[in-house]
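Biologist: Could you take me through this model and tell me what lies behind the terms you use for it?

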Amino acid sequence: MSKRAIAALGFAVAIATFGCTVQQPTLPPDVVQTPAHPLPFKGRLFDGNLQELPPAVAMSLSDDSPVTFSYREELTHDESHKPLWSSAFDPATYAGSATGQYGVTAFASLSISEGDTVLADYTAQQRVTMPYSLFAEPTHKELDQAARNAVRTKIDQQLYGDAARLAEKIASSSTTSTR
């Protein structure tokens with residue numbers, strides 16, 4: 001077998017082994033998907049974007065509630081990649097192996113208040129990463145949405161864990177204010 005045939009065979013094996021697919025975003029293992037459901041109380045959105053709320057908050061909105069929600073999200077982006085001199089001479093690069101990684105970190109905060117009293121504050125942070133290659137790379141929109149979904153899920157989990165306490169606090173404050 002000639003050297004040229006061996007090189008072609010090696011290249012074909014590398015392409016079959018590494019492929020050229022884009023991976024789905026990796027969510028941290030502590031973000032467990034739970035079905036979204038409304039909270040046991042209603043609130044109105046005081047601060048934040050109606051289109052960018054955690055599902056539990058979005059399902060619990062009411063225009064006439066004394067309870068208010070303030071929600072904020074921030075995203076930071078980063079990228080890491082193999083040095084050009086290293087990837088340029090690596091045959092796996094031309095077979096579709098990852099040459100770098102995009103990352104997005106989402107930070108969210110939710111405050112629940114009734115009048116001047118803050119009932120609860122929640123914060124969450126989640127990082128999502130996706131590799132890229134010479135042949136395929138994720139869009140920034142995909143990464144941003146995956147990070148937003150992950151951080152919203154984490155806020156929802158915190159809310160669900162604290163919902164009974166909040167509902168009791170809201171019920172007791174509304175009965176004392178009507179007396």
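Modeller: Happy to, and please keep in mind that this is a predicted model. Let's start at the hairpin of β3 and β4, where two residues lie between the strands and G115 takes a positive phi near 65°.

Biologist: What makes β3 and β4 a pair?

Modeller: Pairing asks for at least two bridges between two strands. β3 and β4 are joined by 15 bridges and run antiparallel, so they count as paired. One of the residues involved is L110, whose bridge partner in β4 is Y122.

Biologist: How do you know that β1 and β2 pair?

Modeller: The cut-off is at least two bridges, and β1 and β2 have three, so they pair as well. These two strands run parallel. Across them, D47 stands opposite S70 in β2.

Biologist: Why is the set of residues around L110, I112 and L159 called a nonpolar core?

Modeller: The name requires buried residues of nonpolar kinds, such as Leu and Ile, joined through side-chain atoms within 4.5 Å. The largest such set here has 32 residues, and L110, I112 and L159 have the most contacts inside it. So L110, I112 and L159, as members, each have under 20% relative accessible area. At least two residues each come from α2 (55–58), β2 (67–81), β3 (100–114), β4 (117–132) and α5 (140–178). The biggest share is from α5, with eleven residues.

Biologist: What does L159 touch, leaving out residues up to four places away in sequence?

Modeller: L159 touches L39, A56, V57, L110, I112, Y122 and L166. Two of these, L110 and Y122, are the bridge partners mentioned above.

Biologist: How much of the chain counts as buried?

Modeller: Of the 179 residues, 37% do. The accessible surface comes to about 10700 Å², with 58% of that belonging to carbon and sulfur atoms.

Note on methods. Residues numbered from 1 in each chain as written. Predicted model: local features only at pLDDT ≥ 70, side-chain atom pairs only at ≥ 80, totals over all residues. Heavy atoms only, no water. Buried < 20%, exposed > 50% of the residue type's maximum accessible area, 1.4 Å probe, protein only. Helix = DSSP H or I, 4+ residues; strand = E, 2+ residues; numbered from the N terminus. Contact = heavy atoms within 4.5 Å. Areas by Shrake-Rupley, 256 points an atom, 1.4 Å probe, with all protein chains shown as cover.
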